[in-house]
Amino acid sequence: MTANIRKIATFMEETCAEMGRKIDPPTRRAAAVAVIENPYARQFVEDLSGLMTIGEELGELLTQRAVAALGIAGSAVESYGKAAAVGEDGEIEHAAAILHPKLGTPVRRVLGKGAALIPSSKKRGGPGVVLDIPLGHKDAAYVRSHFDGMEVRINDAPRANEIMVAIAVTDSGRPLARVGGLTKDQIKGEDGLR
Amino acid sequence: MPEVRVRKKVISVEEIFHEGGPVARKPLRRAAALAVIRNPYAGAYFEQIEGFMDDLKPLGLEMARSLVAVLGGDPQVVEGYGKGAIIGSAGEIEHGALWHVPGGYAMREVLGGAKAIVASTKKVGGPGTRLDVPITHINASYVRSHFDAMEVGIGDAPRADEILLALVMTTGARVHARVGGLKASEIKGEDGLR
């Protein structure tokens, strides 16, 4: 099964200052969001493998789009996250089928690495629903400066029979991060945690 | 003259393939450039504010150029535009009006002297406020297929002492435009209207 894509949106955000302090270079993050038809809307389907295949397709497409929006090499990405919102005629399990079984492999292929779990969130909602995509360092989940979240939304999605799928990547942590913890220069990058 | 202090910039692009009807041969693309700046007049009434329009001109040009760049770099592909502003709660609607000249003329200049008035909207609001930026054809305001709007906003902006400035460009008509009226192919393009 391949995705019937109605729309793809990308968002690139650059923070140049915070509390009057210059951020130099600016912290940057990008998200790519696809709005697709939910092939299983309004029915219970036991086998969700079609959506898993769609997850694999979108994992590659959306990661490429988000990395392109940052204008950097995939290997320069520091943190990542994923999220999905299912329209009202679908179930939360549809989001799980897209996000969890097969989406990660192509994401890591585009980025070259990605030892850490890709943090995720999912929900059901109507058009304009807000997705808060959780962000964590791609090679070491405990890097405290990179815990973050990126809000995205599209006013006309998801319609009742649609699913919104989002992938976010960054080239940096939070602006002015200063709450300690594991720092990125201490990463071993073997177990995905530290 | 107050300095223009940018806290954050956002670029978003939507690529629309269909909306339930036939898949477009060339997807419609709509891009928005947003900048969050400090409002130099927040918190008090200032009689003289006009000078800030000149200060905003370089930012307007930078935003207009970034829109053309994100749409592929060729100004010829741009067919629709619009602009808007959200003023944080310690400012007044009149501060948003400062964007008309630097925002509008920047786009017309970058697009090689577009003829039509740049449609606009503005309001006072808090962080996360959404703005429906109106869009019309760049050379003839009456082209019915190009009447559109793009919703924009940023989760953490504008703060009370900030202004969120927006410019929008599109590459064509609504994806399934079919309600008649003046067509883009019938434009005389002399008066900016027809």
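Predicted model: local features only at pLDDT ≥ 70, side-chain atom pairs only at ≥ 80, totals over all residues.
View 1. Residues are numbered from 1 along each chain as its sequence is written, while chains are lettered from A and ligands numbered from 1 in the order in which they are written. Strands (E, at least two residues) and helices (H or I, at least four) are DSSP runs, numbered from the N terminus. Two strands pair if DSSP finds at least two bridges between them. S3(A) has eight bridges to strand S7 (residues 162-170) of chain A, running antiparallel, and five to strand S4 (residues 120-124) of chain A, running parallel.

**View 2. Strand S3 of chain A, wrapped up on both faces.** Eight of the eight residues of S3 (residues 79-86) of chain A are buried, so the strand is largely enclosed by the rest of the structure. Buried here means that 20 or more other C-beta atoms, placed from the backbone, lie within 10 Å of the residue's own. One side carries A:Ser79, A:Gly81, A:Ala83 and A:Ala85, and the other A:Tyr80, A:Lys82, A:Ala84 and A:Val86. Look for A:Tyr80 too: A:Gly136 in S5(A) sits opposite.

**View 3. A:Ala31 in the largest nonpolar core.** A nonpolar core is a set of buried Ala, Val, Leu, Ile, Met, Phe, Trp, Tyr and Cys residues joined through C-beta atoms within 7 Å. This one has 99 residues, and A:Ala31 and A:Ala166 touch the most other members. Helix H1 (residues 49-70) of chain A gives the most to this core, at eight residues.

**View 4. Where chain B meets chain A.** Chain B puts 17 residues into the contact and chain A puts in 16. Strand S1 (residues 6-16) of chain B supplies the largest share of its side, 11 residues. Nine bridges tie S1(B) to strand S1 (residues 5-18) of chain A, and the two run antiparallel. In that pairing, A:Ala9 faces B:Glu14.

How values were computed
Buried ≥ 20, exposed ≤ 12 C-beta atoms within 10 Å, placed from the backbone. Contact = placed C-beta atoms within 7 Å.
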